[in-house]
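This briefing looks at how parts of one protein chain meet, and at one annotated stretch of another chain. Please view the structure first, then read the points below.

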Amino acid sequence: MKYYNLGTCSKPCGILKWRGLTIMLDCSLDISTVLNYLPLPLAGNSKFTSAPHFQNYKSSAEGELCELNNVILVDSTPLFGVPYESSIDISEIDVILVSNSSSILALPFFTENPDFHGTVYATEPTVNVGRFFMEELVEFVQAVPKPKAAKSAGKWENVFKQLDPSLNFPCKIGDSCFNRNLKEIYSKKAISDALLRVRIVGFNENTDIFGKVEATAVSSGFSLGSCNWILKSESQKVVYVTSSSTLTTHPSPMEQSSLKDANIFILTGLTRAALHNPDAMMGEICMAVVHTLRNGGNVLFPCYPSGIIYDLFECLTNHLEAHGYGTYPFYFISPHAETSLAYSNILAEWLSNNKQRKVYLPEDPFPHAQLVKDGRLRHCKALNGIPELRQPCVLFGGHPSLRFGDITHLLETWGSNANNSIIFTEAEFPYLECLAPFQPLAMKAFYCPIDTSLNFHQANKLIKDLKPDMLITHEEYLASPRAFPHRVDLVLDYPAVQKLSTGSVINLKLKRSVATAVMDPILASEVEPVVRDESGTIASTITATLDTTNNKYKLVKPSMDLCDPWKCPPSKYAWGSLDSSIVMQKLLQEGFTQAKIQHNATGFIITIPSDNATVTVEPNSTHIVCTGGDGAARLKLRRILISCLTEF
Amino acid sequence: MPEIKLTPLGAGQDVGRSCLLLSIGGKNVMLDCGMHMGFNDERKFPDFSFITNNMSLDEYLDCVIISHFHLDHCGALPFMTEMIGYKGPIYMTHPTKAICPILLEDMRKVMVERKGETNFFTSQMIKDCMKKVVPVNLHQTLMVDDELEIKAYYAGHVLGAAMIRIRVGQESVVYTGDYNMTPDRHLGAAWIDRCRPDLLITESTYATTIRDSKRCRERDFLKKVHDCVDRGGKVLIPVFALGRAQELCILLETYWERMNLKVPIYFAAGLTERATNYYKMFITWTNQKIKKTFVQRNMFDFNHIKAFDKQYIDNPGAMVVFATPGMLHAGLSLQIFKRWAPNENNMVIMPGYCVSGTVGQKILSGHKKVELETGQFVEVKMSVQYMSFSAHADAKGIMQLIHYCQPKNVLLVHGEGAKMEFLKQKINQEFKIDCFMPANGETCTITTKPDIPVEISLPLVKKEEAEYDLQPPDPKRQRLLHGVMIMKDNKLKIVDVQSAAKELDLPRHIMQFTETVNVRELGTLSRVTDKIANLLKARLPDVSVELPAENEVSVDNSRVIVKVGQIPKNDTAKEVSVTWSIDDDELGAFVFALMGTLSK
């Protein structure tokens with residue numbers, strides 16, 4: 001078994017080669033590359049339409065590099081980091097298992113490759129919410145067309161790719177070689193084509209993969225329909241855990257018991273905000289919002305169109321209501337705002353028990369349905385769709401990287417007012433880097449990341465409870481973070497561990513000694529078993545036809561006429577040792593009256609002069625030598641001797 | 001041979017009161033727990049004494065599975081769990097769990113408040129009963145215990161209806177509940193994978209019917225309604241609150257919209273709005289089209305359909321009223337029927353099956369005078385129409401399902417005996433499999449021949465695979481596996497012969513034979529050896545014959561060795577000895593017999 005790590009700890013992607021299958025686990029897209037780009041402005045009067053060029057680099061690239069606040073930014077169509085492994089051919093991939101809606105984003109890059117013939121498995125909410133995420137990304141990027149890329153040396157080559165990190169260039173090129181493979185975003189058609197490849201699975205639905213492995217998605221408690229994967233062969237179990245949450249939020253709770261007894265336990269996607277407690281952050285957010293509204297300012301939440309925002313809507317409106325700010329409007333701006341709100345309310349099966357109980361009443365599981373009905377929460381496809389933006393207000397919009405989407409415009413218009421606030425709740429991007437091109441800003445920025453994924457404490461407890469034979473996880477999780485070398489609590493601690501680094505390959509030995517099969521009842525009925533001992537052990541020689549349809553072994557009755565007559569294996573064997581007195585007695589009974597026995601060191605020799613036969617007996621073998629006969633004596637001797645042995 | 005046993009406590013050659021007891025692999029499962037609408041005495045509930053005579057329900061049953069929320073499938077559940085006593089798990093889908101208690105409560109009210117039933121379960125009992133319910137998702141593999149596994153499939157009959165596969169070890173049973181093989185306006189079609197169960201228990205409500213196309217029936221229905229309201233008549237459509245009602249509402253709503261009709265449509269108040277709310281919540285259980293468009297236009301938001309008030313009964317002019325319950329056996333629909341029946345302008349459309357004993361069944365069979373309560377008769381002058389909208393599979397659909405899942409046996413329930421007989425013959429003919437149709441209380445035993453799980457030692461398989469891969473592909477070649485099967489601690493394992501000796505602590509005893517004959521042959525040893533070799537080659541064309549020494553012939557890699565020796569003081573004869581092991585007895589005996597032919 002081999003495991004190729006193509007991702008990073010927060011952007012998981014791995015390939016498992018096991019039992020002849022190539023299984024891709026998750027398909028994340030590295031979006032952090034866009035932080036190196038100039039924000040895509042919506043309005044013509046944006047400062048980004050006329051950003052000053054950066055001139056101290058290759059002249060061919062000058063037109064595409066801008067300098068703002070001492071930060072160099074690329075001014076062209078943004079590129080994204082796609083997982084890549086040179087030693088894996090895309091046509092080899094048999095299945096892609098997707099865990100949640102954020103780790104599906106690179107899927108179209110694989111499925112649009114004509115060599116890809118695999119099947120994708122994901123839950124229904126993962127597919128639907130993943131669709132919002134992907135389409136929103138594409139719509140944001142395509143809303144502001146940029147010149148494709150610069151021509152350098154006659155080749156179309158995005159300047160971003162040429163920026164060599166070794167040049168000590170002031171531009172950050174992602175965190176690692178994850179984004180060696182940089183690509184422009186896919187088309188909308190590629191998204192729908194990709195999602196057509198998906199086979200929908202439910203939680204705890206066992207899916208057979210080519211008869212070799214059974215894959216099961218179990219709830220991971222992180223987002224709607226998010227799951228961990230259990231891969232089982234006949235005797236072994238591989239568990240893949242990513243972005244899991246033991247906290248109680250809106251999705252159905254994490255399923256833990258079925259993750260037990262794993263031979264291999266792959267753990268990735270721990271919290272990206274290990275130092276920030278989600279509950280405390282929610283409290284801070286509520287306070288910050290109240291504070292801003294009290295001062296007459298607007299609150300801006302950079303967000304994705306699904307996920308933690310449902311909890312934000314619920315908590316914030318309750319909190320504001322309780323503090324007398326119940327009249328301030330909430331705006332949710334996203335091309336998929338309406339769908340996301342409506343869709344979340346029809347997913348009873350995928351929700352926490354509390355929310356599920358509401359459905360039985362029947363009431364909408366999420367309060368945002370009522371908020372929309374009451375006009376508290378307004379949703380809009382885009383900024384210009386709002387007839388009249390009542391201020392002060394609380395506004396949710398994307399994209400959290402602040403590089404595209406309606407939010408770039410709002411930041412420019414609201415940024416100069418010190419009463420306004422921007423609250424970062426996504427831990428995916430470093431917020432200061434997000435804000436850098438917009439500086440100077442007067443508005444207050446709050447960094448309150450809510451990442452409900454397992455923290456180190458929870459993860460350590462989980463693996464201690466589940467006791468896998470071998471834990472595989474990222475090297476980053478196995479040492480204190482670079483920024484906090486003294487924090488030994490931010491480390492995974494488990495004795496049997498193998499570490500992953502980006503691009504690494506792990507070789508694992510999974511031993512098995514038996515293959516499982518089933519036996520046809522007709523064959524079974526013809527077996528003549530012999531009871532061996534008091535404990536009831538039964539033994540029998542068996543010859544069967546091995547049927548391997550669907551990669552499952554089945555033993556059926558062989559048709560002997562198809563068998564080479566001289567190569568048919570014997571139907572029975574003789575076992576044990578011969579006892580000389582019993583043998584002699586039987587020989588006498590059967591008429592070999594002249595038989596004479598002569599003992600030697602290990603066995604005995606019987607001579608039968610009347611039949612010209614000699615029988616040499618050793619503990620585990622017998623040699624019958626007959627001379628000049630027609631074989632009758634041999635057959636008779638054989639029968640007698642076998643009757644003195646065990647035969648089956 | 002293992003057996004699967006099935007006893008219908010209800011729905012055996014009958015419609016209504018579905019309740020089946022299944023015994024499979026030592027587990028006892030109750031499938032559905034319904035009540036009979038046509039009876040008011042103790043026959044309305046299944047006869048649990050079948051079980052309780054011997055032991056308590058908890059002792060006997062491993063679990064109860066409810067296929068969908070219709071009362072003839074779940075109506076007796078609180079009676080069973082709370083009044084007779086059952087604490088074990090009950091499984092149903094999410095929508096069923098949501099809707100079931102509402103229908104139970106509704107029925108309870110009718111029974112207790114209108115009919116004055118005294119010994120009936122209470123509201124609290126319904127709640128307590130529902131607490132024991134574990135919701136299942138479609139396709140989820142749920143382990144009831146270590147051995148009993150259940151899995152639900154989409155059945156399409158009503159919102160949340162499921163077909164259930166029950167598996168213990170290698171044996172499995174599929175119970176369909178009620179299902180529909182054609183998608184309708186709000187639900188999709190039933191689907192199951194090719195799971196090859198030992199037994200398929202299927203409903204057979206429409207065992208002999210092959211219905212015309214859905215579209216025709218819809219057109220027919222709309223025309224009848226339209227004609228009636230055109231001449232100022234009132235149309236009564238008795239329905240159950242959930243299910244067909246929503247489909248017909250969608251149908252009428254779109255028709256009214258298209259034809260721009262102004263005649264009011266009413267839906268019996270109370271349940272309706274809540275009921276359609278369930279459809280909104282569980283929209284993932286409806287069909288593709290509704291799922292896709294629900295954000296823009298929710299099919300269950302009706303513009304033309306208003307809530308009904310009892311005062312409207314005597315309003316003049318045309319109207320269309322949906323009223324519950326569907327079989328005209330009680331409640332509002334019966335009340336309206338009583339008032340409207342004497343007018344020949346009016347019409348009642350029965351959109352579904354009516355069990356015997358109900359008013360609905362009586363008027364459908366042509367009764368012109370119906371006794372509603374003791375001594376109270378009503379004359380039926382209104383036109384009575386029957387439109388089969390109930391979402392059951394017809395004969396074609398049942399055959400289709402059998403074709404899908406490829407069962408080894410079929411058992412028919414939830415249908416009329418005579419019709420079952422017909423379908424049974426058809427199944428026998430078409431699929432050549434056994435078909436059963438037990439009556440209530442009659443136990444049906446099906447002998448299964450399950451495959452037996454066995455482990456094969458990996459080296460043995462690998463060796464076979466390696467040999468197989470070396471040979472040129474030949475579809476006719478069978479892959480032979482040879483070894484010793486050992487059963488220890490109830491586990492079967494096949495190992496190669498050498499390992500078997502170790503495992504059993506019993507060495508093999510190898511027997512060898514040497515037969516020597518004198519043959520009349522002149523010349524040198526090598527000449528005789530060549531002659532023997534040539535003879536063997538000719539007679540054994542598929543076996544390798546080699547000459548490792550001048551006086552020795554090896555047959556098939558030394559399985560049989562022929563040695564030629566001089567006989568002292570004899571030039572005209574040679575001594576030929578043939579040696580082989582007991583494993584190669586056939587080949588050895590054959591070679592020896594050939595040598596015998598030389599000597600003559």
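The model is predicted. Between domain 1 of chain B and domain 2 of chain B, the count is one salt bridge. That pairing joins B:Arg185 and B:Glu218, whose closest N and O atoms are 2.7 Å apart.

**The side of domain 1 facing domain 2**
- Helix α5 of chain B, residues 94–114, gives the most to the side of domain 1 of chain B that touches domain 2 of chain B, with nine residues.
- Sorted by kind, the residues on this side of domain 1 of chain B are 17 nonpolar, 10 polar and six charged.

**How chain B is divided**
- Chain B has a domain 1 made of residues 3–210 and 391–447, a domain 2 covering 214–386, and a domain 3 covering 458–598.
- The centres of domain 1 and domain 2 of chain B, taken over C-alpha atoms, are separated by 27 Å.

**The interface between domains 1 and 2 of chain B**
- In this interface, 33 residues of domain 1 of chain B are in contact with 31 residues of domain 2 of chain B.
- Together the two domains bury about 2,800 Å², and 66% of that area lies on carbon and sulfur atoms.
- Six residue pairs are in polar contact across the interface, with both residues at pLDDT 80 or more.

**An annotated stretch of chain A**
- An unreviewed UniProt entry carries the annotation "domain: Beta-Casp" for residues 309–432 of chain A.
- Residues 309–432 of chain A are 36% helix and 13% strand.
- The end C-alpha atoms of this stretch of chain A are 21 Å apart.

Conventions
Residues numbered from 1 in each chain as written. Chains lettered and ligands numbered in written order. Predicted model: local features only at pLDDT ≥ 70, side-chain atom pairs only at ≥ 80, totals over all residues. Heavy atoms only, no water. Domains from an automatic or database assignment. Contact = heavy atoms within 4.5 Å. Buried area = accessible area lost by both parts, 1.4 Å probe. Salt bridge = Lys/Arg side-chain N within 4 Å of Asp/Glu carboxyl O. Polar contact = N/O pair within 3.5 Å; in protein donor to acceptor, adjacent residues only side chain to side chain. Helix = DSSP H or I, 4+ residues; strand = E, 2+ residues; numbered from the N terminus. Nonpolar A, V, L, I, M, F, W, Y, C, P; charged D, E, K, R; others polar. UniProt positions renumbered as here; feature names shortened; annotations may be inferred.
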